[in-house]
Amino acid sequence: MCDFSGRLIAWMDCELEANEAAVLGRHVRACAECRERVAAYEDVSRGFAAYCDVVLETAMVTKIHRKLPRWVPVVAGAAAVAAVVLVLALLPRSVKPIPVVSRVAEARPPIAPKTATNTPNPVQRRHAAAHRKTQTANWAVAEPAIQIAIPGDAMFPPGAVPEGVNFVANLSLADGSVQGLRLQP
Amino acid sequence: MSGDSFSLNLPLARFATDSCEATALYRELRKPLLRYLAGLGLSSEEAQDVVQDAFLSMHKHLAAGGSQENIRSWLFRVAHNRARNCQKSYARRLGGPLDPVFDLISHEATPEQAVLAKEKFHRLDKAIRSLAAPERDCLMLRAEGLRYREIGEVLGIPTSTVGDTVERAVKKLAEKCNV
């Protein structure tokens, strides 16, 4: 074995004093064995650096996988199925279409604007609608019913309905769901 | 408020200069630090946390008037010590064998070359795992471009010991990898 072989790696890493490095450099140029060793050490050093890159890349990829553990999609799918089954079980067996009856058009042909004093406010209208409820005998109202007073301005564009006109929405309920909707001016 | 006034002697000029230097250092050393910490066995999240902590400490160190000399080895030392604190045991270092699927194997390599490269990588992986911890530490810091003196500062060992350790480790790897 060459006497200089123990200093080759330090020489490669530029860790020797200048004069010692110069002596070793001259020797390496002349010694085939040392040249071969230097080439092998350089190869190992490059391999080690590449290995460090792979370690880092592996850590990064592991991070991506760790973001979403394998059990998460399975549990999420099972939870979604369970939710759908639960909703289906709780729904009523038959759902009737909600009849929507609007007699706005037929009830009020062009109406002349009324004075503000004659226009009931929504609260007054609600009382009036409660009274009118008793008059709608031909409408099969399912009990209980809810009445909501809605200002005309809120339902139609400005100018379409005379100012101050309100509507009453009668909602008929059955089995906890809306069975009918009727609008009355 | 009274008319009393006081002056704040903030070293703004120095702070600005240090901030620029800190930014440059961050750009230069973030990836080497991450690679070193991943080599120590930290997960990506842990490594990024440690790097962030290390740079925060450096910022405080500089803002407090700390020395800027050997700041690179200072950063690696802080990161190294924090990584040690993260790892409760040395056994956590380096997980299972690595599979170089996204590695040195070039896309232009033929299937035969790819197989040979993979075999070589596995030999290297096995050889690296057989190294003693200080040998691996020295090689990892050397791979990040640290001088022997800096490696000694990071690991708290004399420079001459670093030289001997690096030489021993490289020779072991060369022997085991048959190069």
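Me: In this predicted model, helix axes are lines fitted to C-alpha atoms over the stretch in contact, and angles run from 0 to 180 degrees between N-to-C directions. With that in mind, at what angle do the axes of helix 5 of chain B and helix 6 of chain B cross?

Reply: Two packed helices are described by the angle between their axes together with the distance between those axes. For helix 5 of chain B and helix 6 of chain B, the latter spanning residues 148-155, the crossing is at roughly 130° and the axes come within 10 Å. Angles over 145 count as roughly antiparallel and those from 65 to 115 as roughly perpendicular, and helix 5 of chain B and helix 6 of chain B are therefore oblique to each other. The crossing of helix 5 of chain B with helix 6 of chain B is right-handed. On the side of helix 5 of chain B the contact is made by B:Pro134, B:Asp137, B:Cys138, B:Leu141 and B:Arg142, while helix 6 of chain B brings B:Ile151, B:Val154 and B:Leu155. Sorted by class, this contact of helix 5 of chain B with helix 6 of chain B has 6 nonpolar and 2 charged residues, with no polar ones.

Me: How far apart are the axes of helix 2 of chain B and helix 3 of chain B, and at what angle do they pack?

Reply: The description again takes an angle and a distance between the axes. Helix 2 of chain B (residues 44-63) and helix 3 of chain B (residues 71-86) pack at an angle of about 135°, with their axes 9 Å apart, and the two are therefore oblique to each other. Their crossing is right-handed. Among the residues that meet there are B:Val50, B:Ala54 and B:Met58 in helix 2 of chain B, and B:Leu75, B:Val78 and B:Arg82 in helix 3 of chain B. By class, the contact of helix 2 of chain B with helix 3 of chain B comprises 10 nonpolar, 1 polar and 3 charged residues.

Me: Is B:Glu28 buried or exposed?

Reply: B:Glu28 sits in helix 1 of chain B. Because 12 C-beta neighbours lie inside 10 Å, B:Glu28 counts as exposed. The C-alpha atoms of B:Glu28 and B:Arg72 are separated by 9.9 Å, although these residues are 44 residues apart along the chain.

Me: How many residues of chain B are in contact with chain A, and which element of chain B gives the largest share?

Reply: The size of an interface is often given as the accessible area lost when the parts come together. Here the description is by residue contacts: 28 residues of chain B are in contact with 24 residues of chain A. Helices 1, 2, 4, 5 and 7 of chain B each give two or more residues to the side that touches chain A, and helix 7 of chain B supplies the largest share, 6 residues. That side of chain B divides into 19 nonpolar, 4 polar and 5 charged residues.

Me: Where is confidence lowest in chain A, and where is it highest?

Reply: Where pLDDT is low, the predicted coordinates should not be read in detail. Chain A averages a pLDDT of 71, and 57% of its residues score at least 70. Confidence in chain A is lowest in helix 6 of chain A (residues 122-133), at a mean of 47, and highest in helix 1 of chain A (residues 8-12), at 94. Over residues 122-142 of chain A pLDDT stays under 50, and for this stretch the model has 25 contacts beyond four places in sequence.

Key:
Residues are numbered from 1 along each chain as its sequence is written. Chains are lettered from A and ligands numbered from 1 in the order in which they are written. This is a predicted model: local features need pLDDT of at least 70, side-chain atom pairs count only at pLDDT 80 or more; totals for chains, interfaces and linings use all residues. Helices (H or I, at least four residues) and strands (E, at least two) are DSSP runs, numbered from the N terminus. Angles under 35 degrees count as roughly parallel, over 145 as roughly antiparallel, 65 to 115 as roughly perpendicular and the rest as oblique. A crossing is left-handed if the near helix is turned anticlockwise from the far one by less than a right angle, and right-handed if clockwise. Two residues are in contact if their C-beta atoms, placed from the backbone, lie within 7 Å. Ala, Val, Leu, Ile, Met, Phe, Trp, Tyr, Cys and Pro count as nonpolar, Asp, Glu, Lys and Arg as charged, and the others, Gly among them, as polar. pLDDT is the predictor's confidence in each residue, from 0 to 100. A residue is buried if 20 or more other C-beta atoms lie within 10 Å of its own, exposed if 12 or fewer, and partly exposed in between; C-beta atoms are placed from the backbone.
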